[in-house]
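Student: I am new to this structure. Please take me through one part of it closely, then show me where that part sits in the whole.

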Amino acid sequence: MDWRRLFRRGGEAWVRPEPPREVTLRAVGFVRSPVVTPRPHGWANVESTIVFEPEHARRLEGIERFRHVIVVFYLDVAEGAPEKPEQLELAGGRMAGIFATRSQLRPNHLGVSVVELLGREGLALRVRGLDAIDGTPVLDVKPYLPEYDRKDG
């Protein structure tokens, strides 16, 4: 696909290709954390490190200028869970669909967290508040930009 054509103004109309029903992703790095088993709560003060694969070194340039980053990760341990619930019972007995929870037992096992960026050392980002256990594959990291990401109300 010619990406320049996609973002060019004017000219011929762009026609969206049929979207894929399945996607294949590769980890860009892995979480190193003192937490080694899944848990539902208690992540706020956990400090962990995201160690990137060497081919992503230049892609990290400038990330240290941000106070927070958005981390997208694959909940690989949840993939093997025997139960794939459509709903969960919340505290207080109320039922909620899995998309209305932060449960790891999601259809595609994706996790997304906004975390405090404590620093960068080469291929490693030190973060606080990432709710991912040791060894979790990281799919993407983006800077948290309040003007785009913060929603009031």
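Tutor: Start with His109. At 6% relative accessibility, His109 counts as buried, because buried means under 20% relative accessible area, with exposed over 50% and partly exposed in between (1.4 Å probe, protein chains only). The model is predicted: local features need pLDDT of at least 70, side-chain atom pairs count only at pLDDT 80 or more, and totals for chains, interfaces and linings use all residues. Residues are numbered from 1 along each chain as its sequence is written, and side-chain values use heavy atoms, leaving out hydrogens and water.

Now the backbone. Phi of His109 is near 55°, a positive value in a residue other than glycine. Most residues other than glycine have a negative phi. His109 lies in the loop between β5 (95-97) and β6 (110-121). Helices (H or I, at least four residues) and strands (E, at least two) are DSSP runs, numbered from the N terminus.

Step back to the chain. It has 3 helices and 8 strands. From the N terminus, their order is α-β-β-β-α-β-β-β-β-β-α. Of the 153 residues, 30% are buried. Next, the contacts (heavy atoms within 4.5 Å). Among those between residues at least 6 apart in sequence, 70% join residues at least 24 apart. The C-alpha atoms fill a box of roughly 55 × 40 × 35 Å, taken along the principal axes.

Last, the surface. The accessible surface of the chain comes to about 11200 Å², by the Shrake-Rupley method with a 1.4 Å probe. Carbon and sulfur atoms hold 52% of that surface.
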